[in-house]
Protein chains: 2
Amino acid sequence: MSDLLEQAVEPDEYSGRLTRVRAVLAERGLGALVVSDPANLFYLTGYDAWSFYTPQCLLVPADGEVQLFARAMDAAGASYTCNLRADQIHGYPEHLVHRPDIHPYDWIAGVCRDFVPVGADVAVEADAHYFTPRGYLALGNGLPGRRLLDSAELVNWVRLVKSEHELRQLRIAGGIAEQAMRIALDQLHPGVRQCDLVAEILAAQATGTPEHGGDYPAIVPMLPTGNAAGTPHLTWTDRPFVAGEATTIELAGVFGRYHAPLARTMMLGDPPRRLRETAKIVADGMSAALSTIWPGVTGSAVHAAFNDVIAAHGLVKESRIGYSIGIGYPPDWGERTVSLRPEETTVLTAGMAFHVILGMWMDGWGYELSEPVVVTADGVERLTGLSHELTIRR
Amino acid sequence: MSDLLEQAVEPDEYSGRLTRVRAVLAERGLGALVVSDPANLFYLTGYDAWSFYTPQCLLVPADGEVQLFARAMDAAGASYTCNLRADQIHGYPEHLVHRPDIHPYDWIAGVCRDFVPVGADVAVEADAHYFTPRGYLALGNGLPGRRLLDSAELVNWVRLVKSEHELRQLRIAGGIAEQAMRIALDQLHPGVRQCDLVAEILAAQATGTPEHGGDYPAIVPMLPTGNAAGTPHLTWTDRPFVAGEATTIELAGVFGRYHAPLARTMMLGDPPRRLRETAKIVADGMSAALSTIWPGVTGSAVHAAFNDVIAAHGLVKESRIGYSIGIGYPPDWGERTVSLRPEETTVLTAGMAFHVILGMWMDGWGYELSEPVVVTADGVERLTGLSHELTIRR
């Protein structure tokens, strides 16, 4: 029961979120927004189900109430999680699912015509994972006289600064992440099959704590090992771990859809010198990055602090060293807004949350260290408490 | 090690798959196909990583070799799983990720221009989960003089009839599904938190068997309980199971990305009459459906056999009673081709595989029974061996 109470969002908070979204609509002169990213649906209404594999969306008219669209069988149960009245929830008929000739967005557009005036500009989430070109074209065809524009992650940007409620969820998620990682590091021994270690991690993620049950992560545990540790996104096999090899582990603790991701590296046996040295440099780079995080600095400055440390040792990292986090659904736990990289001009403010991930993916080996953090009024708050060293099991 | 050997696809099988895809391209007069569905990428090349949250695709020119595109950090490790040479794998630069002004498909289109002649019609997977409108528009803009068309699930349809290799994967997946469901039914007791039962299921799915480690499912375990059992796609909470309530459980066993989904219903205590009667009727409906599956019958006929049984008892089911299965990636384990429903004209042939799922989602309660099956030369092969009755724990 605990989690449902602690996850409950106050009605005021929902209306505040919607007000912030509508302010952007007004600023851009948009008549409506069609939200299809499951994380954005959850943020604005609480709607939460594994139903995003068929089309679903929330229509946010500039004026008037929001309208939720989902497959009929999911619309029927939407009220279990979302804050909308039954007459704001529209279920499209079952026979529209997976048909070559007709599409759910034909039907959705038909209903939307009543809520979106002719001549309006309508923003859509043109780069969201579950909004397809076919859906986009059907929506456009079904809304004659309106123009579809890219929202450019409008709601994702509104999500950037977290409320106190959201920070509480993230802290609980951090506790679950730390516990899952402790179990992973504790159980990783030569001869253990990768799939059996993953079983322990998955169980720890779901169980959470006696007070707070865990939720499912947007990404399964990833643990490239041996040569493959040079590539970040391989999932597991049933091969056993081998003495003399390093394994990078990336996982998340999740509470009420809020994600605290975490990465560490485990060496079975004496680490090669290059790994030991890289681990030391990366730990220093993490310290430099974390101590730079402060309201008023840019994402670029955080990256520069890290980069100065590793560059002094001749190391190079091409990819970003972090990204904004919060609500997550498969296939990604990032918010797709602020990245910690040279091109990032966004100024950090208190309440933003980041996964600072220092992944060094070399040719045939790799090292990962990460920390989920929150920007506070006077610096940074870590969401987990594990050491930033390379873990070694001799 | 076992699973990697058993999962290995013969080079001949890959070339046969590509030949079948190219035959359809020729038939439709297409100059190229851009494959972005991760299941289709895996089918055609073996490429397998949790990298589908940033753009990736396989270009299949009507003439010439296939070309794989992925983010640089993923392209570097693609050779661990796919059957392509390094010069067929193209990594787009890191700075294109999550940018408002430029998109990875701008870059991908630029490389594709060398492989796709002006004037060609190019099919794209316009309703695949990870191909966005923004990616689609960027690809179109970057390929001037070529026309983009919807592939209409071209590769998915090529996947419909399974090879002997694929049937072996499915049978192993069926064994894992059965074991995970046995554990779920065994551990579901009053007072157990939903999240703790899910922890057991997830662990069983990953562990698999001593011979065959499990792979991750495209969908997390779903177990709506009590009133919520009337809605199919709710995920878990940390509330405990309660005596007097029924729970529907849907999960999959997965081996080398092949999915055998399975659903059962557990009643804690004496079942209400409506549940007991529905369970009996649905079991009869399952028998009727399975005994109708035979090479030469349509998907519609299978649905009709089920529907005749339940209609005689005054029951109605609006949604399809099954769909084609095989390779799966989040968020769905269905192939998005053949459905078992009134509109389905596809004729079944040996080697097709289906998840026959009889979900009766009522107002405030529900019942689910399913069976993953393969169409054989002389009927149907079940992939799991559990009873088709309602499970009752008094």
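How many bridges join strand β1 (residues 32–35) of chain B to strand β5 (residues 121–124) of chain B? Three, and the two strands run parallel; strands here are DSSP E runs of at least two residues, helices are H or I runs of at least four, and both are numbered from the N terminus. Strands count as paired if DSSP finds at least two bridges between them. Within this pairing, B:V34 has B:V124 as its bridge partner in β5(B).

A few ground rules come with the model. It is predicted, with local features needing pLDDT of at least 70 and side-chain atom pairs pLDDT 80 or more, while totals for chains, interfaces and linings use all residues. Residues are numbered from 1 along each chain as its sequence is written, chains are lettered from A and ligands numbered from 1 in the order written, and side-chain values use heavy atoms, leaving out hydrogens and water.

The β1–β5 pair of chain B belongs to an open, mixed sheet of six strands, ordered β4-β3-β2-β1-β5-β6. At its edges stand β4 (89–92) and β6 (147–150) of chain B, each with a single partner strand, so one side of each has no neighbour in the sheet. Neighbouring strands are turned by 25° against each other on average, direction ignored. Helix α2 (residues 11–28) of chain B packs on the sheet, touching β1 and β2 (57–61) of chain B, and its direction makes about 65° with that of β2(B). Axes are lines fitted to C-alpha atoms, for helices over the stretch in contact, and angles run from 0 to 180 degrees between N-to-C directions; contact means heavy atoms within 4.5 Å. α6(B) also packs on the sheet, touching β1, β5 and β6 of chain B, at about 145° to the direction of β6(B).

Helix α6 turns up again between the chains. The α6 helices of chains A and B (residues 133–142 in each) pack at about 90°, with their axes 8 Å apart. They are therefore roughly perpendicular, a label for angles of 65 to 115 degrees. In this contact, A:P133, A:Y136 and A:L137 meet B:P133, B:Y136 and B:L137.

As for the pair of chains, a rotation of 180° with 0.0 Å of shift along its axis superposes chain A on chain B (RMSD 0.0 Å), by least squares on C-alpha atoms of residues with pLDDT of at least 70 in both. That is the relation of a two-fold axis. In chain A, the C-alpha nearest the axis belongs to A:P133, 2.2 Å from it.

Terms used
Parallel < 35°, antiparallel > 145°, perpendicular 65-115°, else oblique.
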